[in-house]
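Visitor: Hello! Could you walk me through this molecule, one question at a time?

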Amino acid sequence: MINVDGYLAVLGVAQPAAPTAEALRALHRAQVERVAYENLDIHLGRPTSIDAAESVARIMRGRGGYCFHLNGAFSALLTALGYDVTLHRAGVQSTPEDPAGATGNHLALTVRLDGERWLVDTGLADAMHEPLPLREGSYTQGPFTCALTSSVAEPGGWRLTHDPRGAFTAMDFAPDPVELSSFATDHTWLSTSPESPFVRVFTAFLRDAKGVDMLRGCVLQRIDAGGTDERTIDSADDWYDVLTDVFRLDLTDIDAPARAELWHRVHTGHQEWEAAGRR
């Protein structure tokens, strides 16, 4: 069981009277606007599980996570509120050169409601502000236009192609339902391997109706209809202020020595990322 009331309080949303499409959209918007996509605990050297109840507790402590945490927690919330939720093995294709398909580096959700299926994804970085009807077509949300099509790499599955301005190329997901626990091995690799992009570069995203704020390494960007604003943060104090003020992260459990070590790690990773051409 999860703490539904506590979770909804973080989202600033009242408990819906019934599992409707309107309520689903409101819940989705609230989560991506208030709960950051971030990998802070990886860079703190604090291992996490992908247990949904633990992820909900993290969110209630003022933290976020990446897809296994965010969509795992959100699926538990939706299920508790009466929604018919299915978890899917998925894969994010970071660049066009990367392999497509449900590679296991992502967890996607679908919801069946009133005879229609919806793609629900609060853990897809900058891509989705609201759920998308699971129908082929083009969908614009804020500055980004995405396309939903049948997946060639995953027969019977779906492919979301992101806007060229977005942080990745596409996401494919397989049609069959899976359990959250099936991602445990993928989570271990993503959170511990030196080859993992989450280990190599600190990342945070927070989406809203008009655009997205993103922090990768020490580069802070704001993408909206007006274009892209970018600045490099060159001091630890400014970097921590951005985490709290822009990304709404609660850092009260990080003492001064841990902050100094974290800044050193992030700054070093940022320099390596820049030297590699931000790849």
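Visitor: Is Arg 135 buried, exposed or partly exposed, and why?

Guide: Good place to begin, but a word on the source: this is a predicted model, where local features need pLDDT of at least 70, side-chain atom pairs count only at pLDDT 80 or more, and totals for chains, interfaces and linings use all residues. Residues are numbered from 1 along each chain as its sequence is written, and side-chain values use heavy atoms, with hydrogens and water left out. Now the rule: buried means under 20% relative accessible area, exposed means over 50%, and partly exposed is in between (1.4 Å probe, protein chains only). Arg 135 has 44% relative accessibility, so Arg 135 counts as partly exposed.

Visitor: With which residue does Arg 135 form a salt bridge?

Guide: A salt bridge is a side-chain nitrogen of Lys or Arg within 4 Å of a carboxyl oxygen of Asp or Glu. For Arg 135 the closest N and O atoms of the pair are 2.0 Å apart, and the partner is Glu 116.

Visitor: Where do Arg 135 and Glu 116 lie, and how many residues apart are they?

Guide: Helices (H or I, at least four residues) and strands (E, at least two) are DSSP runs, numbered from the N terminus. Arg 135 is in the loop between strand 5 (132–133) and strand 6 (137–141), while Glu 116 is in strand 4 (residues 116–120). The pair therefore links distant parts of the chain, 19 residues apart.

Visitor: What is the strand order of the open sheet of eight strands?

Guide: Two strands pair if DSSP finds at least two bridges between them. In this open sheet the pairing is antiparallel, and the order is 5-4-3-2-9-8-7-6.

Visitor: Which strands stand at the edges of that sheet?

Guide: Look for strands with a single partner strand, because one side of each is then left without a neighbour in the sheet. Those at the edges are strand 5 and strand 6.

Visitor: At about what angle does helix 2 run to strand 4?

Guide: Axes are lines fitted to C-alpha atoms, for helices over the stretch in contact (heavy atoms within 4.5 Å). Angles run from 0 to 180 degrees between N-to-C directions. Helix 2 (residues 21–34) lies across strand 3 and strand 4, and to strand 4 its angle is about 5°.

Visitor: How many residues stand between strand 11 and strand 12 in their hairpin?

Guide: Strand 11 and strand 12 pair in the antiparallel sense over six bridges, and Arg 216 stands opposite Val 219 in strand 12. Gly 217 in the turn has a positive phi of about 65°. Between the two strands of this hairpin, the number of residues is two.

Visitor: Is Arg 222 buried or exposed, and why?

Guide: Arg 222 lies in strand 12 (residues 219–224) and forms a salt bridge with Asp 208, the closest N and O atoms being 2.8 Å apart. Asp 208, at 22% relative accessibility, counts as partly exposed. Because its relative accessible area is 18%, Arg 222 is buried.
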